Amino acid sequence: MLGKFYGIGVGPGDPELLTLKAYRVLQEVDVVCVPKSAADRESLALSIINKAIKRQFTTLELSFPMSRDHQILEQHWAMAGERVAQLVREGQKVAFVTIGDPMFYSTYGYVRAYLQKNYPDLPVETIPGITAMSACAAALEEPLAIGEESLVVIPAAYNLKRLEEVLDSFDNVVLMKVNRYFDRVLELLREKGLTERAALVSRCGYPDQMVSRKITDLAGQKLDYMSILVIRKGGR
């Protein structure tokens with residue numbers, strides 16, 4: 001008898017933002033897959049569900065290196081997919097937990113694609129979660145977009161030239177993964193006169209959440225990986 005594979009978004013950090021459906025399914029699963037990019041890094045997703053749910057989880061760590069080598073990444077996606085498929089074929093309910101939403105910049109999407117291609121008979125269900133950008137907008141008490149304003153969401157990490165084009169083309173911009181590139185992004189925003197239209201939220205939903213509306217004060221500082229920059233040109 002086949003089990004089932006779940007992709008579960010656990011929200012941005014606050015355990016109270018776990019959905020009722022995610023909470024229910026996590027009470028029922030046999031194994032929780034914990035994606036990790038390094039062996040010594042704490043799983044944020046696991047820490048969230050441990051605060052929200054009072055039960056012991058059987059965990060399976062899945063390694064996903066921070067690499068741009070597509071061949072290396074595909075090898076790890078395949079290894080993860082094979083381990084999940086084995087458990088599900090044994091009849092177990094397996095959850096892949098991820099911060100935010102599993103269909104939004106999540107490694108879950110790659111594992112799910114591998115299973116669909118190689119094990120199309122395996123039951124799969126995806127349970128959405130609150131995205132970090134939604135939580136950041138709430139923390140800022142500002143909408144991401146209203147009326148006819150346009151919105152784009154991009155990672156800052158890969159192409160600053162593209163970011164310049166995006167800033168010229170869209171009303172509002174959400175920059176993910178901005179921590180390592182913040183000073184370069186800040187320089188670009190200064191050139192375009194947008195520093196006062198931007199705000200940064202770091203570790204949204206955690207006890208040490210930080211919100212800054214004076215992003216120029218952050219120049220040269222080391223920012224947390226979970227930092228998002230929101231730029232609102234709408235209404236200028």
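Trainee: Which residues of helix H2 (residues 44–52) are buried?

Mentor: The model is predicted: local features need pLDDT of at least 70, side-chain atom pairs count only at pLDDT 80 or more, and totals for chains, interfaces and linings use all residues. Residues are numbered from 1 along each chain as its sequence is written, and side-chain values use heavy atoms, with hydrogens and water left out. Helices (H or I, at least four residues) and strands (E, at least two) are DSSP runs numbered from the N terminus; buried means under 20% relative accessible area, exposed over 50%, and partly exposed in between (1.4 Å probe, protein chains only). In H2, the buried residues are Ala45, Leu46, Ser47, Ile48 and Ile49.

Trainee: What covers the buried residues of H2?

Mentor: The criterion is contact, meaning heavy atoms within 4.5 Å. The cover of these buried residues includes helix H1 (20–28), E2, E3 and E4.

Trainee: What span does helix H3 (residues 70–89) reach from its first C-alpha to its last?

Mentor: The expected span of a helix is 1.5 Å times one less than its number of residues. H3 has 20 residues, and the span it reaches is close to the expected value, at 28 Å.

Trainee: Against which elements do the buried residues of H3 pack?

Mentor: The buried residues of H3 are Leu73, His76, Trp77, Ala80, Gly81, Val84, Ala85, Leu87 and Val88. They pack against strand E1 (4–9), strand E2 (31–36), strand E3 (59–63), strand E4 (93–98) and helix H4 (108–118).

Trainee: At what angle do H3 and H4 pack?

Mentor: Two packed helices are described by the angle between their axes and the distance between the axes. Axes are lines fitted to C-alpha atoms, for helices over the stretch in contact, and angles run from 0 to 180 degrees between N-to-C directions. The axes of H3 and H4 lie 9 Å apart, and the angle is about 65 degrees.

Trainee: Which residues of H4 make the contact with H3?

Mentor: On the H3 side, the contact is made by Trp77, Ala78, Ala80, Gly81, Glu82, Val84 and Ala85.

Trainee: How many nonpolar residues does the contact of H3 with H4 have?

Mentor: Ala, Val, Leu, Ile, Met, Phe, Trp, Tyr, Cys and Pro count as nonpolar, Asp, Glu, Lys and Arg as charged, and the others, Gly among them, as polar. Beside 1 polar and 1 charged residue, the number of nonpolar residues in the contact of H3 with H4 is 9.

Trainee: How far apart are the axes of H6 and H7?

Mentor: In this pair, Leu160, Leu163, Glu164 and Leu167 in H6 meet Arg184, Val185, Leu188 and Leu189 in H7. By class, the contact has 6 nonpolar, no polar and 2 charged residues. The packing angle is about 35 degrees, and the distance between the axes is 11 Å.

Trainee: Why does Tyr105 count as partly exposed?

Mentor: Tyr105 lies in the loop between E4 and H4 and has a positive phi of about 50 degrees although it is not a glycine. Tyr105 counts as partly exposed because its relative accessibility is 45%.

Trainee: Is Ser106 buried or exposed?

Mentor: Ser106 also lies in the loop between E4 and H4. Leaving out residues up to four places away in sequence, Ser106 touches Thr98 and Asp101. Its relative accessibility is 12%, so Ser106 counts as buried.

Trainee: How far apart in space are Gly234 and Ile146, C-alpha to C-alpha?

Mentor: Gly234 lies in the segment after E10, and its contacts beyond four places in sequence are Glu149, Asp171, Asn172 and Arg197. Gly234 and Ile146 are 88 residues apart in sequence, and their separation in space is 8.4 Å.
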